[in-house]
Amino acid sequence: MDLDSSVGIHNAEELAMSEVLVSATTTQTRLCQNLQDAPLGRAAWNRILRRSETRSVFLTWQWLSNWWECFGTGAELYCVTVSRNDELIGIVPLQLRHADGVRVLEFLGLGFSDVCDVIASEEEKPEVLAALWESLERRRDRWDRIDLRNVPEQSSTARILAQLRLPEDCELSTEIEAPCPVLSIERNRGFAESCTRKKSLVRHARYFERLAPLQYQALLDLDEINDLLPLFFEQHRDRRFMAGDRSAFEDRRTRRFYERLTTALLESGWLHFAVLRWRDEILAFHYGFLYDGVFTWYLPTFNVDYARYSPGEVMTQKLLEAAIESGVREFDFTPGDAPYKERFANVKRQVLRIELRQQGRADSTRTSETAAQASAGGLLQRLRARLSPRSRQRRAPAAAPVAGPIAVPRLGVARSVLWRLPDLPAVPSEYRVRWARYSQIKAMTRQEGLKTETLITALARMRRGERAVVCLWQDRPVALVWLARNPPQVLAELGFDYELPERAVLLIDSHVVQDMRGSPRRETLTSVIVTFLAAEGVSSLFGFDLPGTEASLPTLCGSETEPVVQRTDVGLLLGRWSFQRRLGPTPG
């Protein structure tokens, strides 16, 4: 189906529907209920945008029509057009949405558009906003609040609205919503070029380039981009997951939006989809835009396996170089106060939030809402909202201790053993051993059908600085061994009074895939892991067996271990006692 003929239509009744709100001698204000209504359409819309005071890719027909098609369900399109002598002079792209019983008029693109504004030239914007307010005032029974977000402070919209004569029961407020750092290349090209040579950017790029060349490319082929979009989504999900957050791409509507947007913006020449390759891997992506002489930084991702080497910084350097070379006026870092944005900006702008409330209806609605929330029914509603999969945010798991005191039964005996792995001879093996990467841990989690909590626990361990060793068979992870970051602390938490030898490591957890546990191939797993650790400077490998826990990797693979310390915990009605005894030689 042709894109232009389908966008903005949510049901058959919306076709060719528009309503004249105000018709004066020369000016006519019309409410359009789909984005194909005359006098709208892609050509007319973008023609007005080209001479608008605020020009941004976020205000294009391609952006907003695709957004409405993907996210408009449950809202009413309230796009107002203003014409003078049958000539379109302004567009106000709004939607009417119900939020907790309050009818809110807000800009289209909510949550995705970093710039929102009335589309009109600076000279005609006062007339457009006056006509808009006249039409909204006549239909005050249709809305309770107007909430205009991400309006650029350099736009005249806030100033013009402040000059309108409002009824006494209407309250207008304007506040700064977020800073918007910008690198103005035309103002100071020398400063922009110096940003690409910042030590942090150069240092990270040199790390990769010492090992293999970096390849940066802005893709122009639609099929190639579509083939890479799933990996782009996956990188973003991995990055947010590691941060303890939830990726927007978990929502299929967001994926659909980007897929549609890619086609529309690439066709218009506004998409800048960049890929940073190294060896046979993609280190980073960036989904950004080139529009009206502005390079827009929008959505970066990077391969979390290389997070410690900052591939995102390398991508930033390449993007800055590409922007300067392309001759754009400025590099827009979009709203946000992240420190990395401030490092490169030489212009500090802001976006505003403009609210207009009808005090009668909006206040009474909020009052009743507050009362409902205070009641048991309101409490139940809030609990349901918090437990809803769509509204729930995955938070970073707490950095729980690696191990804790051994659980002692009220009546009974619990025995735990600290063991040492004896020196094993190197043997020929078909396995390859490496320091584990996040993607390998994720692959093992998926192929074994383990719970998501397993991966969350792994991420918590990585944040604590613990490292894992992975054993690969034909590039498939088959075994994983976690090593303690602070072995003495772990032993103390477990109640073992023992000092490990110098350069010894402590195994705290391990996993062997199910189909390997009964295979003869498992017998060399322990040996190849010990050989790898020895090459990394490890003198010996220790571990522990606790009551009620799964056997460790050496045991699962049939390798013998040497008990060093046995701890016995006894629980009786009168109390609990613990004691330990040495079973092996004292460390030298």
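Tutor: Welcome! A residue is called buried when its relative accessible area is under 20%, exposed when that area is over 50%, and partly exposed in between. Keep in mind that this is a predicted model.

Student: Thanks! Is Asn-85 buried or exposed?

Tutor: Let's locate Asn-85 to begin with: its place is in the loop between strand S4 (79-84) and strand S5 (87-92). Its phi is positive, about 55°, although Asn-85 is not a glycine. Its relative accessibility is 55%, and the cut-off for this class is over 50%. Asn-85 therefore counts as exposed.

Student: And what about Asn-150, buried or exposed?

Tutor: Asn-150 also has a positive phi without being a glycine, with a value near 60°. This residue lies in strand S9 (residues 145-152). Its relative accessibility is 15%, so Asn-150 counts as buried.

Student: How many helices and strands are there in the protein?

Tutor: The protein has 588 residues, and 50% of them count as buried. Among its contacts with a separation of 6 or more, 75% join residues 24 or more positions apart. As for the elements you asked about, there are 19 helices and 24 strands.

Student: How far apart in space are Val-128 and Val-82?

Tutor: Val-128 lies in helix H4 (residues 125-138), and it is buried because its relative accessible area is 0%. Leaving aside neighbours within four places in sequence, Val-128 is in contact with Val-82, Ile-89, Gly-90, Val-92, Val-118 and Ala-120. Val-128 and Val-82 are 46 residues apart in sequence, yet from C-alpha to C-alpha the distance is 6.1 Å.

Student: Which residues does Thr-526 touch, not counting those up to four places away in sequence?

Tutor: Look for Thr-526 in helix H18 (residues 525-535). Its relative accessibility is 2%, so Thr-526 counts as buried. With residues up to four places away in sequence left out, the ones it touches are Leu-421, Leu-424, Leu-553, Pro-554, Cys-557 and Ser-559.

Student: Which residues is Ser-184 in contact with, leaving aside its neighbours within four places in sequence?

Tutor: Ser-184 lies in strand S10 (residues 170-184). At 6% relative accessibility it counts as buried. Its contacts, beyond neighbours within four places in sequence, are Arg-329, Glu-330, Asn-346 and Val-347.

Student: At roughly what angle do the axes of helix H8 and helix H14 cross?

Tutor: Helix H8 covers residues 222-242 and helix H14 covers residues 438-447. Their axes come within 12 Å and cross at roughly 95°. That makes H8 roughly perpendicular to H14.

Student: How many charged residues does the contact of H8 with H14 have?

Tutor: On the H8 side, the contact is made by Glu-234, Asp-238, Phe-241 and Met-242. H14 brings Tyr-438, Lys-442 and Arg-446. By class, there are three nonpolar residues, no polar ones, and the charged residues number four.

Student: What is the mean pLDDT of the protein, and where does pLDDT stay under 50 with 38 contacts beyond four places in sequence?

Tutor: The mean pLDDT is 85, and 86% of the residues reach 70 or more. Over residues 1-16, though, the pLDDT is below 50, and this stretch has 32 contacts in the model beyond near neighbours in sequence. Where pLDDT is low, the predicted coordinates should not be read in detail. The stretch with 38 contacts beyond four places in sequence, where pLDDT stays under 50, is residues 364-401.

How values were computed:
Residues are numbered from 1 along each chain as its sequence is written. This is a predicted model: local features need pLDDT of at least 70, side-chain atom pairs count only at pLDDT 80 or more; totals for chains, interfaces and linings use all residues. Side-chain values use heavy atoms; hydrogens and water are left out. Axes are lines fitted to C-alpha atoms, for helices over the stretch in contact, and angles run from 0 to 180 degrees between N-to-C directions. Helices (H or I, at least four residues) and strands (E, at least two) are DSSP runs, numbered from the N terminus. Angles under 35 degrees count as roughly parallel, over 145 as roughly antiparallel, 65 to 115 as roughly perpendicular and the rest as oblique. Contact means heavy atoms within 4.5 Å. Ala, Val, Leu, Ile, Met, Phe, Trp, Tyr, Cys and Pro count as nonpolar, Asp, Glu, Lys and Arg as charged, and the others, Gly among them, as polar. Buried means under 20% relative accessible area, exposed over 50%, partly exposed in between (1.4 Å probe, protein chains only). pLDDT is the predictor's confidence in each residue, from 0 to 100.
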